[in-house]
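Please review the briefing below alongside the sequence and the coordinates. It moves from one residue to the overall fold.

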Amino acid sequence: METSLVGSYPQPEWLVDREKLRTRLPPRVRASDIWKIDPAQLREAQDAATLAAIRDQELAGLDIVTDGEIRRESYSNYFVLALDGIDVDNPGEALDRNGNPMPVPRVSGPISRRENILRRDAVFLRSATDRKIKVTVPGPFTMAQQAQNDHYATEEEVAFAFADVVRQEVIELFEAGVDIVQLDEPWMESRSEQARAYGIETLRRALDGVDGTTVLHICFGYPLFVPGHKRTYRFLPELAEAPVDQISIETAQAELDLEVLEQLADKTIVLGVIALDSDEVESQETVAARIERALPYTRNLVAAPDCGMKYLTHDGAFGKLQALVGGAKLVQA
């Protein structure tokens, strides 16, 4: 059984204003005020912090390593704001997962890439570790739901346009030596009606012709901002038809009814067994018990945190990674 982050790891205090980060929802538009480093030195500082995050993962014993998303203000704005067709200076408005209005990217023209967005990050990660590496990309459905459409005729067309640029990016990431690419689609859970209408078709478009191991991450949202967790996903069994190899879900905080995994028998499950609603470090035995809950329904597992760890303290996150690896070893033993 392999172990992995879902994506993010805490950015260090010297790099970002963590209090400012924690007092706002994950930004959909620019949030350059979180960085503590002068822009002229920011890339070099981000590289140093990324290398530290990679070393933490190796030291904790993870089998699959990410770059911790250290360079990102949020999992989505890093990517979407680098695209053409997005007016970054005049944001639009959409409802967040709690139904409150928030500023979002405004689609003002045809969506396209002016250049590769994540390749440099992937090459840096590949050069820094000899373990398997995973790079995360915001999913096209979620990016479309998080945008104000002022250009395309329908919301499906917006999602398909994002899918086209995601496909280009994913193909180039595998060419750069990435082992696993993960699409983050949390809004498939929160916008399940729209996901049923065109979510799977959007994923097929995004991964058409892609050759490599792919993951889809679907979650209930960061517990810091969405504290109430249900026992069931509104959109999960449908992912049996998704053109991905692995499905990443959270089960620790939600105490998810895992019988649903029988409907995803053809997928490897990236099983969230580390809770992120506090910095309290689980025991290895607790982690092992959470893994064992899934074994009656599937044996194809990767053990992971529920979601990204960026809002935890460094010590809490590192301790949880150690517990994750220790729990997985107990189950394997």
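Is Q11 buried or exposed? Q11 is buried, at a relative accessible area of 1%, where buried means under 20% and exposed over 50%, with a 1.4 Å probe and protein chains only. This is a predicted model, in which local features need pLDDT of at least 70 and side-chain atom pairs count only at pLDDT 80 or more, while totals for chains, interfaces and linings use all residues. Residues are numbered from 1 along each chain as its sequence is written, and side-chain values use heavy atoms, with hydrogens and water left out.

**Surroundings of Q11**
- Q11 lies in the loop between strand 1 (2–3) and helix 1 (18–22); helices (H or I, at least four residues) and strands (E, at least two) are DSSP runs numbered from the N terminus.
- Not counting residues up to four places away in sequence, Q11 touches V16, R18, L21, W35, E69, I70, R72 and K310, contact being heavy atoms within 4.5 Å.

**Nonpolar cores**
- In the largest nonpolar core, of 105 residues, I111, F162, L239 and I249 touch the most other members; a core is a set of buried Ala, Val, Leu, Ile, Met, Phe, Trp, Tyr and Cys residues joined through side-chain atoms within 4.5 Å.
- Helix 6 supplies the largest share of this core, 10 residues.
- Another core, of 7 residues, lies apart from it and includes I180, V270, V302 and A304.

**Overall fold**
- The protein has 10 helices and 11 strands.
- Of its 333 residues, 61% are buried.
- The C-alpha trace spans about 55 × 45 × 40 Å along its principal axes.
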